[in-house]
Structures are given as structure tokens and as C-alpha cells.
Amino acid sequence: MQNRNETEQYISLVEQVMEIRKRGEQPLAFIRTYGCQQNVADSEQVKGLLAEMGYGFTDTPDNADFILFNTCAVREHAEDRVFGNVGALKSLKRKHPSILIALCGCMMEQEHIAQRIHKSFPFVGLVFGTNCIHDLPKMMYQCLVDGKRLIVRGSQDTVIYEDIPKRRDGTFKAWLPIMYGCDNFCTYCIVPYVRGRERSRTPETVINEAKSLIESGYKEITLLGQNVNSYGKGLSDDKKMTFAQLITEIDKIEGDYLLRFMTSHPKDCSKELIDTIANSKHISTHLHLPFQSGSDRILKRMNRHYDREKYLEIIRYAKEKIPNVSLTSDIIVGFPGETYEDFQETLSLVEEVGFTSLFTFIYSPRKGTPASKMDDPISYEEKNRWFQELLATQEKISARRCADMVGRQYRVLVEGYTNHGTELQARTSGNIIVELQGNENLIGQFCDVEVTEAKNWILKGKTI
Ligand code: 5AD
Ligand code: SF4
């Protein structure tokens, strides 16, 4: 843990820069975030620092003085979108040469990507990786005043900078990172390379942050980590706590709130954790437990350290202890060397567990990972056919699970309006969306609803 006193001086320097540039007008920042909730949480720190430096925010790049894309490297598709969207900024920079265009996040920790940005996008003035956010004022100063073009990488830095201000996007839902990085090295995954070694925030800082969120009226807190079940590794003995102990402590905080967490890794998912959820007051009845593949052969090649039976054992225990537990998972289709028989094992696991919903991905080779060097004879078209089969299977299961909910009552948190506008959208503790009629002032509140109708996997309800 470290504070950023050293960077304070730069905040005032950047303020000076902005005064010169905008003659008193408030400069505006546009931030676009790709990828997972950890990136969303990182962007909240970026916004906290920018607000402290005097920036306002805009939701269009056209009138921004500072444009930042916080990028994701987990699949190629995410990277392609970033390249496309950065390319589109070229004409904006030509029109307004004073704007600073910056890229940060996981993609930028990869040497070949940083090189490509440097060569192909000369209008990008600042590139920084993960765990560099505390240095933002300093980096911006160097770009804006010294006219430097900077590329800074930081995934090897394992310090946790605790006093970076946050500007949260939500007023009643909050992300709360409890740890950073990952040590698991699943063979398909780029995360350990771009986010560095696993490290945990101390229980005290996490619990205090949760307390202050609850006191200021937040209704839902989601604890974040790549593998929350291994929380605490590396903490000194006097501060050591397991994840189950951590959430037990948070659960003791008085108030009306829901506690969520993600992501769990099956290899470290203990019975103690499931008992904790079952006995808690505030923890959601949702368990997101990615199994990736139902085939033991593929799980070994993925370096996942559990097998199908161990996974099913956890699921059986969770179903037994947590009434109406809602289970979700991540699945990769078409891992190198996967056969149609292996894929059938994934399908049968999906059938056997009965997930509420799934996050499904076609394998995407990531440069530098062991899987990208494995033989991968199955064509993308074939993998896509398997993928469609998986979607169709899950759609039937989701529809069945939703139909089972009709006539039952649930406590939901109302989150806002649905995309089509007229109805409210609410979420059950099991993370299932229910649409309902109701007054705007329900937004941000818990209320009890009865599910009245299920249209495939869309639920309609009414307040009771
Ligand atoms: N290809 C496809 N999906 C991937 N994931 C991680 N790496 C890859 C990859 N190379 C998926 C996993 C993980 C989720 C966040 O993204 O399912 O759980
Ligand atoms: Fe990637 Fe595996 Fe770490 Fe998850 S646990 S971030 S899939 S390496």
C-alpha cells in the first residue's frame, strides 16, 4: 500500500496547464471503458483524478479536451473494436490539435500493441498500462507541458495505491475491488500477463470502504477480483483473512444493502464460502462460477486445476445449502484440440447444472499465452456451429427457469428504465432481471415484486 503524495505536485501543475489552454473555461474529458468491471472500477479512479485536476466530463468525444479509451485484451474482438474507434479519432485531432488522446488498460500492457499504436496512430499522445493510474497527473503534465509522447507500462508494479480518489458512475450500485492481478495462468488467458501478480487490499481498507458506501446510501456493492476465492494470499500474518471471513465481516455492517462478488474460481471455491453465503444476511444468492469446459481433458490443457466432478460437487453443495441459488458461468468453446466429443461434455454439464444464464465465448488466441502455441485444427465455422448449439441449449434452460419463477415473489433492486423505455428494470438477488410498471422514485430502492409473466428469458412483474 502506498499513497501518492509525490504526485500531488503534478495536480497543481496540470491545473496551471489547463488555465493556459482554456483561459478559465472548464476543460472536458471523455472516457470510454471496454471490458470487465475491473476496468469500470479503474475508470472510476481515472475520473476521480481528472475531477480533482479540474476536468468536467462529456459523453461525446467531439467537444472533449482529453479523450481516453480504457481497453480490454481478453479477446481479439475487443482489441479490434479499440483499433477501429481510435482510428476514427484522427480527424478530430487534426481539427483540434490541442486535444490529448490517450489509451490505457490491459491492451496497452502488450509490447506488440504498444508498438503498433506508436507507429500507426501518431495522434495518440499517451499510452499507459494497468497499475499506472496513480501517475496520471504526472503523465498528463509531461504530455501537455513538455510536449512528450509517452508510453508507460505498469503491470510489474505490485504496489496498491490506496488514496486515489474515485468518481463512481452509480449512485446506488458500487464496484469495490478487493484484489488485483492473477496468478492462475489459465493457458488461454492474457490477464496474468497484463494485470500482473495477484495482490490483495487489506481487510481493513476493504471493510472501511464498504462501510462508507453503505453509510452514504449505496444499496448494492460488488466485490471485485479475478479470483476472489484466493483473497488474502500475500497479506502479512496479522492481516490475513480468507475471502469467506472477509465477506462475513462485511455482512455484519448494519444497513439495507446487497453484497455481490465476482469472479470465483472453482479450484478455490470452499464449502466455507458456500456456508457463509447460506448463513448471511446481505450476500446475494447468486454464484458466478466459471467452469470453461465440461471435459476433463480440456480442463487439464486449460490449467484449471479442477475436474468436472469437483465442479459438480461444489454445485451440489451450493444447491443443497442455498435455497434457490442462481448459478451462472463462463464457457469457452473451441479451445485448441477440443473435439466435438469434448464439446458434448460441456453441453451435458450445462444441462446437468441448469444455469440461470451463461457468458459464452469462442476461443480467441492471445499472443504470448501457452494455448496460442497449441495445435488448433478445428475451423472457426465449425466452432461457431458448436457455439450456436450451446446457445440454443441454454436458451431452453433459461426459459424453463424463468417459467418456474412465475407466481413467486422476490425482493428486487430497481435499477432504472428498460432499454425500450417505458418500464422499470429491476434485479433479483439471483441477478435475474424483472421488468415492471412503476414510479420513477422506485429507482435505487429495494421492493417486493411478484413475477406475473415469463416471455422466454424476460420476466415481467408487479410490485406488491
Ligand atoms: N478466448 C475466449 N474467451 C476467453 N476468456 C478469457 N480468455 C479467453 C480467450 N482467450 C473468457 C473466459 C473468462 C472470461 C472473462 O473470458 O471464459 O472466464
Ligand atoms: Fe484468466 Fe484464469 Fe486468471 Fe481468470 S483465473 S483471469 S481466466 S488466468
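Me: How do the residues lining the second largest pocket divide into nonpolar, polar and charged?

Reply: In this predicted model, the lining of the second largest pocket comprises 14 nonpolar, nine polar and seven charged residues. The pocket has a volume of about 630 Å³. Its lining is made up of 30 residues, and those nearest the centre are Thr285, Asn324, Tyr410, Ser429 and Gly430.

Me: Which elements each supply at least two residues of that lining, and which gives the most?

Reply: Helices α10 (271–279) and α14 (380–405) and strands β15 (409–417) and β16 (424–428) each supply at least two. The most comes from β15, with four residues.

Me: Why is Ser364 called buried?

Reply: The relative accessibility of Ser364 is 12%. Buried means under 20%, so Ser364 counts as buried. Ser364 sits in the loop between β14 (357–362) and α14. Leaving out residues up to four places away in sequence, Ser364 touches Arg75 and Glu76.

Me: Why does His305 count as exposed?

Reply: The exposed class begins over 50%, and the relative accessibility of His305 is 58%, so His305 belongs to that class. His305 lies in the loop between α11 (296–301) and α12. His305 also has a positive phi of about 60° although this residue is not a glycine.

Me: What makes Asn431 partly exposed?

Reply: Its relative accessible area is 28%. Buried requires a value under 20% and exposed a value over 50%, with partly exposed in between; Asn431 is therefore partly exposed. The loop between β16 and β17 (433–436) holds Asn431. The phi of Asn431 is near 75°, a positive value in a residue other than glycine.

Me: Where is a cis peptide bond found, and what is its omega?

Reply: The cis peptide bond joins Met262 and Thr263, with omega at about 5°. Thr263 is in the loop between β11 (258–262) and α10.

Me: What makes the largest cavity a cavity, and what is its volume?

Reply: The term cavity applies because a 1.4 Å probe fits there but cannot get out. The volume of the largest cavity is about 150 Å³. Lining this cavity are 15 residues, of which Asp42, Gln45, Asn131, Ile133 and Tyr180 are closest to its centre. By class, the lining contains seven nonpolar, five polar and three charged residues.

Me: How many cavities of 30 Å³ or more does a search of the whole structure find?

Reply: The search finds two. About 40 Å³ of space lies in the second largest cavity. Its lining consists of Asp42, Asn70, Cys104, Gly105, Phe128, Gly129, Thr130 and Ile133. These divide into three nonpolar, four polar and one charged.

Me: Which residues have the most contacts inside the largest nonpolar core?

Reply: They are Ile178, Tyr188, Leu223, Phe243, Ile250, Phe261 and Tyr311, within a core of 67 residues. Helix α12 (residues 308–321) contributes the largest share of this core, six residues.

Me: With which residues is Ile178 in contact, leaving aside neighbours within four places in sequence?

Reply: Ile178 is in contact with Ser200, Arg201, Val206, Leu223, Leu224, Val228, Tyr231, Phe243 and Leu246.

Me: What are the bounds of domain 1 and domain 2 in the domain assignment?

Reply: The assignment gives 4–152 for domain 1 and 409–463 for domain 2. Their C-alpha centres lie 37 Å apart.

Key: Residues numbered from 1 in each chain as written. Chains lettered and ligands numbered in written order. Predicted model: local features only at pLDDT ≥ 70, side-chain atom pairs only at ≥ 80, totals over all residues. Heavy atoms only, no water. Core = buried A, V, L, I, M, F, W, Y, C linked by side-chain atoms within 4.5 Å. Buried < 20%, exposed > 50% of the residue type's maximum accessible area, 1.4 Å probe, protein only. Contact = heavy atoms within 4.5 Å. Domains from an automatic or database assignment. 1 Å grid on protein atoms, 1.4 Å probe; cavity = no way out; pocket = protein on both sides within 12 Å on 5 of 7 lines; lining within 4 Å. Points joined across faces, edges and corners; volume = space filled by probe spheres on them. Nonpolar A, V, L, I, M, F, W, Y, C, P; charged D, E, K, R; others polar.
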